[in-house]
Amino acid sequence: MKILVCISNVPDTTTKVKLTDDNKQIDNAGVQWIINPWDELALTRAIELKEDSSNTIDEVCVVNVGLNQSDATLRKALAIGADKAIRIDAEPLDAYFVAGQIAAYVKENPFDIVLSGIESSDYNGSSVGGMLSEFMDCPAISSMTKLDVENENIIIHRAIPGGKQILELKPPFIGIVQKGITNEPRIPAMRGIMMARKKPLEVVAAVELDSLSHIVEFELPKAKASCQMIAADQLEELVHLLKSEAKVL
Amino acid sequence: MSVIAFAKNWEGKFKKSTYELVSYAKDLASRLNTQTLILSIGEVDESELNKLAQYGADKIISVDDSRLNILSSRIYAEVISQVVNKEGASYVILSDNNSGKAISPRLSVKLKAGLAAAVLDVPKSLDPFIIKKRVFSGKAFAYVQIDSEKKILTLSKNSFGIVENPAVLNIERFTPELADDIFKIKVNSVEKADDKMILADADIVVSAGRGMKAAENWQPVEDLSSVLGAATACSRPVSDDGWRGHEEHVGQTGKVIAPNLYFAIGISGAIQHVAGINRSKCIVAINTDPEAPIFSIADYGVVGDAMTVLPKLTEIIRSGE
Ligand SMILES: Cc1cc2nc3c(=O)[nH]c(=O)nc-3n(C[C@H](O)[C@H](O)[C@H](O)COP(=O)(O)OP(=O)(O)OC[C@H]3O[C@@H](n4cnc5c(N)ncnc54)[C@H](O)[C@@H]3O)c2cc1C
Ligand SMILES: Nc1ncnc2c1ncn2[C@@H]1O[C@H](COP(=O)(O)O)[C@@H](O)[C@H]1O
């Protein structure tokens, strides 16, 4: 079986967001780009499954819709252990556009399991995985916290409010990955980095597709008023303020 | 032209977030001079549906089919799209919770309707339709313009509020056409945690971090949480080390929550942690280190050892009840 992991190329999570002077764009000067944290977990799990010889996963590919600034991130995914990277060469206009592009690729190049993250840490859409499943007309498992493959059966845990569901299904399907799917994201080792140079990074042309939305402007949050400090021996005062000033108790 | 909101039920009951959703839908419909339609899927009593009318539902469309008591994003998106097409609605609104997040992207593709996820406010402009949402996990906001004719929004919790607006109860039953083979994922079992407060629903959240030092030290956190009727949460290293379950992890890579009151106890306030809690209405930080970054985003701060502060605080609240 083949697994495809969707990779969103995002600013490092410690990045301080800056805007251009007209507030129309994010100022990306000096930004470090990383694999979106959930995608990194999804990729790690996919590689773990491939390494475990008791199942039938034999190939793990990664895909990104983006311009060539994503290449370094895709190389990192190869260094972590993906066999092949695909970059669909287009500006990721909105989630609909991204999902439509990936769906078009998967129609031509079928995969048994497609994994996406629960959201990208930049535009917080939580949409691409679900949209992909609709484009591909197959089931999507949201909030997936465990993924095991037993022969042709897939066993999945999914977080639901106040508990979890245990599901069984057959491919193809889309798994939308939540934390828990694996313990730690894998980091590239020296050997992996060397090997990654020889692995294929295929650039494919985008298909004709309209986006449905676009961002017109950004805004930064207002600075928070300063914190009111209460002495550790005056906790009655804290409770009083929470009741009468903040009105949250 | 009308506005349709999808009112999800939990075992036949609605939650406060549903009332907020209906209030928001009513507000949007008034701005657009159109009707507010509310769609309920699965078995729900009339008395429960009546509650939705209190927030301004002109018509409640009920798809009362027991096969639909279990949520499937695929089937629900199909049912909602049939209703949208039948009513000729232009706006679909869902709550930004697990089910809204799962259904809305499918619906977007089905209806070719642009989706703005986790919106925070009423639209900035109606034509073109521009609306505010959080991006970069709350480090910035974006104004998104939806260009398609039909539009889908998911509403962030606690971003609009609940507004009463009583309307006459008007229920219409609808029977969707569903192919049998759509019901095909096999659910082997469902495990429910005990009846603890669900983090996403909680008005008060008591959250603790590595400053608690060890899993055995959580009793004071549990005690404060229980006296407040709150949910418990934790920082990422705490769940990574297995001191607490993953379902409690909040932050950039965990749950994003927006309670009225958030206690950050022994949590340093790393940017990735703050990303999950910065929409809390009020933040109280308790930390031994007066320089901890958490104080720069907190409303109230106490410098002190959690192991002594928490029992005292719990006692004061308990005796004040
Ligand atoms: C990609 C990425 C994603 C991440 N996502 C998340 C996320 O989603 N959520 C998250 O939480 N973190 C996340 N992190 C980790 C984050 O960077 C921090 O490491 C983490 O939040 C720190 O947890 P903490 O505050 O519990 O621990 P620490 O940073 O160790 O802080 C402990 C605090 O406790 C205080 N303390 C010590 N003793 C006491 C005492 N007796 N009483 C009171 N206070 C005391 C200390 O002064 C300190 O401020 C992420 C990191 C990365 C790289
Ligand atoms: N440009 C992209 N290319 C490939 N995958 C993406 C892209 N953007 C988002 N994704 C995938 O979709 C998930 C959810 O992203 P989003 O809908 O943008 O929040 C991410 O975790 C990725 O797995």
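This is a predicted model: local features need pLDDT of at least 70, side-chain atom pairs count only at pLDDT 80 or more; totals for chains, interfaces and linings use all residues.
Which helix and strands of chain A each supply at least two residues of the shell around ligand 2?

Ligand 2 comes now. Back to my opening question. Chain A brings strand E4, residues 59-66. It also brings helix H3, residues 95-108, and strand E6, residues 113-117. Each of these supplies at least two residues of the shell. Strand E4 of chain A gives the most, with 3 residues.

How many residues surround ligand 2? The count is 19. The closest are A:Asp39, A:Val65, A:Ser120, A:Ser126 and A:Ser127. Sort the shell by class, and you get 8 nonpolar, 9 polar and 2 charged residues.

Look at the oxygen atoms of ligand 2. A:Asp39 places a polar side-chain atom 2.5 Å from an oxygen atom of the ligand. The backbone takes part too. A backbone N or O atom of A:Gly125 sits 3.1 Å from an oxygen atom of ligand 2. For A:Val128, a polar backbone atom is 2.9 Å from a ligand 2 oxygen. How much of ligand 2 does the protein cover? On its own, ligand 2 has 470 Å² of accessible area, and the protein covers 94% of it.

Next, ligand 1. Where does ligand 1 lie? Find it between chains A and B. Here 26 residues surround the ligand. The closest are B:Ser235, B:Thr253, B:Ser268, B:Gln272 and B:Asn287. Two helices of chain B each supply at least two shell residues: helix H6, 236-240, and helix H7, 271-274. By class, the shell around ligand 1 holds 5 nonpolar, 16 polar and 5 charged residues.

Again, follow the oxygen atoms. B:Ser268 has a polar side-chain atom 2.7 Å from an oxygen atom of ligand 1. B:His273 does this at 2.8 Å, also with a polar side-chain atom. From B:Gly254, a polar backbone atom lies 3.5 Å from an oxygen atom of ligand 1. Taken alone, ligand 1 exposes 990 Å², and the protein buries 79% of that.

Last topic: the helices. Which hand does the crossing have, left or right? H4 of chain A passes H4 of chain B in a right-handed crossing.

Definitions and conventions. Residues are numbered from 1 along each chain as its sequence is written. Chains are lettered from A and ligands numbered from 1 in the order in which they are written. Side-chain values use heavy atoms; hydrogens and water are left out. A residue is near a molecule or strand if one of its heavy atoms lies within 4 Å of it. A polar contact is a pair of N or O atoms within 3.5 Å; within protein, one must be able to donate a hydrogen and the other to accept it, and residues adjacent in sequence count only if both atoms are side-chain atoms. Accessible areas come from the Shrake-Rupley method with a 1.4 Å probe; for residues, only the protein chains shown count as cover. Helices (H or I, at least four residues) and strands (E, at least two) are DSSP runs, numbered from the N terminus. Ala, Val, Leu, Ile, Met, Phe, Trp, Tyr, Cys and Pro count as nonpolar, Asp, Glu, Lys and Arg as charged, and the others, Gly among them, as polar. A crossing is left-handed if the near helix is turned anticlockwise from the far one by less than a right angle, and right-handed if clockwise.
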